[in-house]
Amino acid sequence: MNTIARVFSYSVGRKLIMAATGLFLIIFLVEHLIGNFLLLKGDGGAAFIEYSASMVHNLLIRIVEILLFAAIVVHVIDGFALFLSGRQKRSQRYAVRNKSASWTSRNMIVTGTVILIFLVVHFYTFFVPYRVIGTDATIYDLVIEAFSNPYYTAFYVLAFLFLGLHLKHAFISSLQTLGLRHLKYDRLLQIIGTLYAVFVPAGYALIAIYIYLKTA
Ligand code: HEM
């Protein structure tokens, strides 16, 4: 077995990879949110279209985007692998449930699966027509069309709720796994984690609801 395969096969290695890719996605979510706030500018989408086009034509951003997709794929595969190996171990030990663990930490696979379903819908709506197939519509047109549908908007808001639950545990857990937690700053990191898990999904929900109300 080569070194990379060995790292993947051990649960410690898997957890490290989960934490590193997760932290990368946590940072991406802030950048994506700031970019999406341009949708609220009230300029007919001009700033958002310009921002989106600048992303397509920037080589560095294209490279980061490839890393982003790779991080999502690895994070999902590793997440399911960890869940399945954990389930196997629990069944061998007659399923002793850790009652002290929080709901969010015990249900990462549930909240993560909802986010995965959201991402498939999300890519199908924006990334595939805009970047893969090609369309005459602008990216702003696609956003307006999508969020004028109340079911689509409601699905997004629900998905953001699950995103918040996932992030609530993910933030502090990824720092812990990467050894970045420090007793002295622990309370502060917990607060930052909670604020992040509340305000980032809330920001996304605000954008979705605002566009829906504007088009209703
Ligand atoms: C109201 C909320 C959101 C809106 C309006 C939105 C909008 C968009 C749009 C228009 C694109 C295509 C951009 C382009 O190709 O130039 C995109 C791409 C993407 N979105 Fe979102 N998004 C939202 C929330 C999210 C969330 C919560 C996640 C992650 C859980 C996410 C992950 C991604 C990813 C990974 C891409 C592809 C990478 C990229 O093109 O930057 N989005 N989003």
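This is a predicted model: local features need pLDDT of at least 70, side-chain atom pairs count only at pLDDT 80 or more; totals for chains, interfaces and linings use all residues.
Me: Let's start with two helices: at what angle do H2 and H9 pack, and how far apart are their axes?
Reply: H2 and H9 pack at an angle of about 30°, and their axes lie 10 Å apart. Angles under 35 degrees count as roughly parallel, so that is how H2 and H9 run relative to each other. H2 passes H9 in a left-handed crossing.

Me: Which residues make that contact?
Reply: From H2 come Leu-29, Val-30, Leu-33 and Asn-36, and from H9 come Val-200, Gly-203, Tyr-204 and Ile-207.

Me: Now H7 and H9: are they roughly parallel or roughly perpendicular?
Reply: Look at the angle again. For H7 and H9 it is about 80°, with the axes 8 Å apart. Angles of 65 to 115 degrees count as roughly perpendicular, and H7 and H9 are therefore placed that way. Here Val-143, Ile-144 and Phe-147 in H7 meet Ala-208, Ile-211, Tyr-212 and Thr-215 in H9. This contact of H7 with H9 divides into six nonpolar residues, one polar and no charged.

Me: Turning to the ligand, which residues come nearest?
Reply: There are 20 residues around the ligand, and Ser-52, Phe-126, Tyr-204, Ile-207 and Ala-208 come nearest.

Conventions: Residues are numbered from 1 along each chain as its sequence is written. A residue is near a molecule or strand if its C-beta atom, placed from the backbone, lies within 6 Å of it. Axes are lines fitted to C-alpha atoms, for helices over the stretch in contact, and angles run from 0 to 180 degrees between N-to-C directions. Helices (H or I, at least four residues) and strands (E, at least two) are DSSP runs, numbered from the N terminus. Angles under 35 degrees count as roughly parallel, over 145 as roughly antiparallel, 65 to 115 as roughly perpendicular and the rest as oblique. A crossing is left-handed if the near helix is turned anticlockwise from the far one by less than a right angle, and right-handed if clockwise. Two residues are in contact if their C-beta atoms, placed from the backbone, lie within 7 Å. Ala, Val, Leu, Ile, Met, Phe, Trp, Tyr, Cys and Pro count as nonpolar, Asp, Glu, Lys and Arg as charged, and the others, Gly among them, as polar.
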